[in-house]
Amino acid sequence: MKTLVKISNKLDAVLRCISAMLMVMFFVIMLLQVILRNLFPAYTLSWADGACRYAFIWATFLGAPLATKSRSQITITFIIDRFGEKTKKIMNVVLTILTSIVLILLIIWGIRAIGVTAPQKADALPISAATIYAAIPVGIALLLFQTVVCTLEDVFSKDEIVYEKEEID
């Protein structure tokens, strides 16, 4: 269990760095494109929109495991809050099993999408479309791992499961 948590923490740190680099890349390319478009219309970057789109896609799929690790994804807990701690843990395991099934199906679909898009080129960039679609199974597999590890932490923890709460006005 401790080994899984260590791997999860290292993975979290790596994903934070990669996601931050992708978002910085997104910002810099878009800023450069806006400057060139407004100051030097003859020198716009034809590939900038595609590069930003693909960086954002990858950052999104790599960000989902980060949200899971920090337990900051949206949850509706008004039903779960009515039960005791033992029942909450059981419900958490059941929900993780159901979520894992959906995530496994998404991984399978993502792998199939890579196969279908492998011969295609991405628009505006000289890369295979499979490179972009690879974000789906990679991100979802990482999400699955973090989901399972977080659930195991919750189940084997002596502490109460705490869901981050935010009131909606």
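Author: Phe-26 has a relative accessible area of 26%, so this residue is partly exposed, a class that lies between buried (under 20% relative accessible area) and exposed (over 50%), with a 1.4 Å probe and protein chains only. The model is a predicted one, in which local features need pLDDT of at least 70 and side-chain atom pairs count only at pLDDT 80 or more, whereas totals for chains, interfaces and linings use all residues. Residues are numbered from 1 along each chain as its sequence is written, and side-chain values use heavy atoms, with hydrogens and water left out.

A pair of aromatic rings is described by the distance of the centres and the angle of the planes. Here the centres lie 5.7 Å apart and the planes of Phe-26 and Phe-56 meet at 40°, so the pair counts as tilted; rings of Phe, Tyr and Trp (its six-membered ring) pair if their centres lie within 6.5 Å, with planes under 30 degrees apart called stacked, over 60 edge-to-face and the rest tilted. One aromatic pair is what a search of the whole structure finds. Phe-26 belongs to helix H1 (residues 2–39) and Phe-56 to helix H2 (residues 48–69), so that the pair links distant parts of the chain, 30 residues apart. Helices (H or I, at least four residues) and strands (E, at least two) are DSSP runs numbered from the N terminus.

Helix H1 also holds Leu-31, which is partly exposed at 42% relative accessibility. Leu-31 and Leu-62 are separated by 31 residues in sequence and by 23 Å in space, C-alpha to C-alpha.

H1 packs with H5 as well, at an angle of about 135° and with the axes 10 Å apart; axes are lines fitted to C-alpha atoms, for helices over the stretch in contact, and angles run from 0 to 180 degrees between N-to-C directions. That angle makes H1 oblique to H5, since angles under 35 degrees count as roughly parallel, over 145 as roughly antiparallel, 65 to 115 as roughly perpendicular and the rest as oblique. The crossing of H1 and H5 is left-handed, meaning that the near helix is turned anticlockwise from the far one by less than a right angle, while clockwise would be right-handed.

Helix H5 (residues 135–156) packs in turn with helix H3 (residues 85–117), at about 165° and with axes 8 Å apart, and H3 and H5 are therefore roughly antiparallel. H3 passes H5 in a left-handed crossing too.

The loop between H2 and H3 contains Arg-71, whose phi is near 55°, a positive value in a residue other than glycine. Most residues other than glycine have a negative phi. Arg-71 is partly exposed, at 28% relative accessibility.
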